[in-house]
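Welcome, and please open your viewer with selections cleared.

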Amino acid sequence: MSDVVLRPAVAGDAGMVLAWRNDPWIVALSAERKTVEPVEHAVWFESVLDQTRHLLYIVQMGGEPAGTVRLDRAGEQAIVTIFLMQRFTGRGVGVAALEAVCRQAADRWPEVRTITARIRRDNHASQKAFMKAGFTLVSTVAEEPRIVVMQRRNAVRVAA
């Protein structure tokens with residue numbers, strides 16, 4: 001989907017991202033199902049702007065902010081997290097954003113071999129989007145039976 005663009009998050013996005021994160025619809029779909037306090041969010045947001053360990057993007061659809069997609073690197077693995085505001089779901093925006101962030105991971109972190117997502121078992125729309133973006137179901141989390149794990153191999157890019 002060519003109308004979907006990822007732009008790196010900047011410090012000025014913190015308030016917008018907090019409002020999105022605490023949107024009742026997003027909270028209901030999140031693994032924790034809780035809102036985030038502003039102070040907690042401010043500390044977290046500042047830490048994820050460190051692009052050596054995190055890649056945080058604002059997902060834009062037709063130039064309009066639609067949500068976020070984030071990668072957190074841990075050795076040869078990265079964890080992906082995405083959320084879109086409700087009016088942008090079901091339109092392929094999430095799939096395009098996931099594909100784009102996986103390309104970013106390949107470009108920025110060639111040592112990352114696997115990208116992993118933890119998704120609520122009852123969030124079938126999210127699981128379907130991840131599958132369309134090349135992720136496969138790997139397992140459930142024994143200590144958290146409501147969570148499924150999906151993974152995608154990270155394609156290492158080689159300069160031509």
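A nonpolar core here is a set of buried Ala, Val, Leu, Ile, Met, Phe, Trp, Tyr and Cys residues joined through side-chain atoms within 4.5 Å, where buried means under 20% relative accessible area with a 1.4 Å probe, protein chains only. This is a predicted model, with local features needing pLDDT of at least 70 and side-chain atom pairs pLDDT 80 or more, while totals for chains, interfaces and linings use all residues. Residues are numbered from 1 along each chain as its sequence is written, and side-chain values use heavy atoms, without hydrogens and water.

Start by selecting Val-59, Leu-71, Val-80 and Ile-115: they have the most contacts inside the largest nonpolar core, which has 43 residues. Next, colour helix α4 (residues 93-108; helices are DSSP runs of H or I, at least four residues). This helix gives the core 9 residues, the most of any contributor.

Now centre on Val-80. Beyond its neighbours within four places in sequence, Val-80 is in contact (heavy atoms within 4.5 Å) with residues including Leu-71, Leu-98, Ile-115 and Phe-130.

For the pockets, picture a 1 Å grid over the protein atoms alone: a pocket is an open set of points where a 1.4 Å probe fits, with protein on both sides within 12 Å along at least five of seven lines, and lining residues have an atom within 4 Å of a point. Select Leu-29, Thr-81, Ile-82, Phe-83 and Ser-126, which lie nearest the centre of the largest pocket among its 45 lining residues.

Finish at the second largest pocket: Val-4, Val-5, Leu-6, Ala-100 and Arg-103 are the closest to its centre, out of 10 lining residues. Here α4 returns, giving the most to the lining with 5 residues.

Conventions
Buried means under 20% relative accessible area, exposed over 50%, partly exposed in between (1.4 Å probe, protein chains only). Helices (H or I, at least four residues) and strands (E, at least two) are DSSP runs, numbered from the N terminus.
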